[in-house]
Amino acid sequence: MLNVVLVEPEIPANTGNVGRTCVLAGARLHLVGPLHFSLSDEAVRRAGLAYWESLDLHVYDSWEDFVTQCGLLDDMAGLVPSVHLLTKAGSRRHSDATYQDGDWLIFGKESSGLDQALLDENQMRCERIPMLGDDALEGADGWHKRFDEQHPELERDICGNFVDRRAGWITSLNLSNAVAIVLFEALRQLDYPGMH
C-alpha cells in the first residue's frame, strides 16, 4: 500500500479530492498538522464526503509527530520503502523515480510547499512533476515564442516550467492533481490492475 502524505494542507476541497483518490487507489492518507480546516464528523458530513469512512486516514499534530509515529528518520537516510518529496524545486522528475509498495509520497501545503530545510537536507529525494515543457508545445503556431515575448520576466527551468525569478516561485499544479499524477505513476510501476 502506498502512503500519501499531505503536510499542513490548507484547502479542504483539495484534501477531499486526495482522499477520494486514495480510496479508489487503495492508498493510505496521512495528514500532518497543523491542519487549516476541521475534520469533525459534522464538517465531513457537510462537505458530502460519503467515501470518507472508507478512507485509511491517519492524522498527526506536527511533522515531528508524523516522523516519530511512522518510524521515519529525521534525515530519512537509507529508508526502504522510499520517501519521495514532491516539490516544484525538485531536480528529478517523478516519472524517473522507482516506486515500491509502502513508499511515502510527501506533498507540502498549497501556499508554500514543503519546508525548505527538509528539502535542502534531502535533495536526492526531491522530485517534481514536469509541466507543459518547451518541447511539448513548440510547434508551427509558435505559442511559446509569443508567450516568451509577452513575458520576458519568466524563465524556464530544467523541466520546461515557467519560473519568475523575481518572485521566487514556479508555476504549479493543484495539489489534488499533483497527487493523482504521482500516484498514477507509482501504481503503473507497481502493476496495479488495469493500468496497462
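Me: How do I read the sheet here, and what is its strand order?
Reply: Strands (E, at least two residues) and helices (H or I, at least four) are DSSP runs, numbered from the N terminus. Two strands pair if DSSP finds at least two bridges between them. In this predicted model, seven strands form an open sheet, ordered E3-E2-E1-E6-E4-E7-E5 with parallel pairing. Strand E3 (56–60) and strand E5 (92–93) are the edge strands, each pairing on one side only.

Me: Before going on, what should I know about the numbering and the cut-offs?
Reply: Residues are numbered from 1 along each chain as its sequence is written, and side-chain values use heavy atoms, with hydrogens and water left out. As the model is predicted, local features need pLDDT of at least 70 and side-chain atom pairs count only at pLDDT 80 or more, while totals for chains, interfaces and linings use all residues.

Me: How many bridges join E1 to E6?
Reply: Four bridges join strand E1 (residues 3–7) to strand E6 (residues 104–107), and the two run parallel. Val4 stands opposite Leu105 in E6.

Me: Which strands does helix H1 touch?
Reply: Contact means heavy atoms within 4.5 Å. Axes are lines fitted to C-alpha atoms, for helices over the stretch in contact, and angles run from 0 to 180 degrees between N-to-C directions. Helix H1 (residues 12–25) packs on the sheet, touching E1 and strand E2 (28–32), and its direction makes about 155 degrees with that of E2. Helix H7 (residues 175–189) also packs on the sheet, against E1, strand E4 (83–86) and E6, with about 160 degrees between its direction and that of E6.

Me: Is Asp191 buried or exposed?
Reply: Exposed, because its relative accessibility is 52%. Asp191 lies in the segment after H7, and its phi, near 55 degrees, is positive too.

Definitions and conventions: Buried means under 20% relative accessible area, exposed over 50%, partly exposed in between (1.4 Å probe, protein chains only).
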